[in-house]
Amino acid sequence: MKMTKVVPFAMSALLLGGAIGAPTASANEGEATVINAETSEQQVQPIFIKVTGTVENVEVRENATYYTVVDGDNTNIVIANKDSLVFDNMGKEAKLQKGDKVSAYSYAKKPMLAIYPPQYNPEVIIVETEEMGSVEVDFFNKDLVDTENNLKLNVGEDTKLASATGKAVKVDDLKEQHLVVFYTIATMSIPAQTPPSKVIVLDTIEKEEPVEVDPVPTPEPAPAPVDSAVQEIINKDFYEVDGTKMVPLRLIAEKLGFKVEVTPKGAIVSKGALSYTITRGQKEYGYNKALRQFKVAPALLESGKTYVPVEFVEELTK
């Protein structure tokens, strides 16, 4: 990745502001990698965040039920509504109750609130019983192999096929999809092979289209001036990464009247009904309840300062 920096000495005072916390990451089943800008280490970016533990409290609200799930020192809130997929580890529909041991799988690219304890709206919740049943929630390729080459599906006539939206499903519909797989036996090979008893297509998750990249990236033009202070920051405090101008998120957002809330992996930028969830090392960003995408992932290019593509300034001024 080609990266250059241009900051005149006269702007050095600006570089002391806008501190954003250092990035952290956790690894699960993964498909992509994230670069930690401070350590240059590659970390696995999970496809699904798996939350496990025992249901210790149940709070019924108007439109959903909030389950407090505790595993040792870890406490998480799992939110379920009437449309949530809840099964036991044998693939039978189940109802969550206090005392149940559960595994909840949430699509990792969904925007999350920066609150404690963390709250998740999982795609599927599994009630773990003493029966000898296993569950795999992951993306499976055209050969029906998961992302880490751990499991290959040999779908037979006895395999029950379903979808989260209730649509009819054929074997070919399982390819290159996010799946919930229930199985009891598997071979000792690499990848292990199994005749699953049940497979559910998570067709509520939109498939990502490949992003076309120009073979020779061209620099992005600076956006039209918003005011003199913002334009001065854009002109004098920036990096170029793969031909894209990267500008300091917090300095510009606060000049435009946005509130910037620090998160462990980035920031939440909000004003009124608008809310943007920015994650360092990840091109996707949350816009209210939707997902959008940068051309270049935000990064901690300087200690305590997260930089984003300059086109995001245009987004903030719409």
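These notebook entries record what I looked up in a predicted model.

**Conventions.** I number residues from 1 along each chain as its sequence is written, and side-chain values use heavy atoms, with hydrogens and water left out. As the model is predicted, local features need pLDDT of at least 70 and side-chain atom pairs count only at pLDDT 80 or more, while totals for chains, interfaces and linings use all residues.

**Sheet.** I looked up an open sheet of seven strands with mixed pairing, in the order β7-β10-β8-β4-β5-β6-β9. Strands are DSSP runs (E, at least two residues), numbered from the N terminus, and two strands pair if DSSP finds at least two bridges between them. β7 (85–88) and β9 (119–120) each have a single partner strand, so one side of each edge strand is left without a neighbour in the sheet. Strand β6 (residues 74–80) runs parallel to β9 and is joined to it by two bridges. I noted Ile77 opposite Gln119 in β9.

**Aromatic rings.** I found ten aromatic pairs in the whole structure; rings of Phe, Tyr and Trp (its six-membered ring) pair if their centres lie within 6.5 Å, and planes under 30 degrees apart count as stacked, over 60 as edge-to-face and the rest as tilted. Tyr276 and Tyr287 form a tilted pair, 5.3 Å centre to centre with 35° between the planes. Tyr276 lies in strand β21 (residues 274–279) and Tyr287 in strand β22 (residues 284–287), eleven residues apart. Tyr276 is buried, at 1% relative accessible area (buried means under 20%, with a 1.4 Å probe and protein chains only).

**Charges over rings.** I recorded the charged end of Arg292 over the ring of Tyr287, 3.7 Å from its centre; the criterion is NZ of Lys or CZ of Arg within 6 Å of the ring centre and within 35 degrees of the ring normal. Lys245 lies over the face of Phe238, at 4.5 Å from the ring centre.

Definitions and conventions:
Helices (H or I, at least four residues) and strands (E, at least two) are DSSP runs, numbered from the N terminus. Buried means under 20% relative accessible area, exposed over 50%, partly exposed in between (1.4 Å probe, protein chains only).
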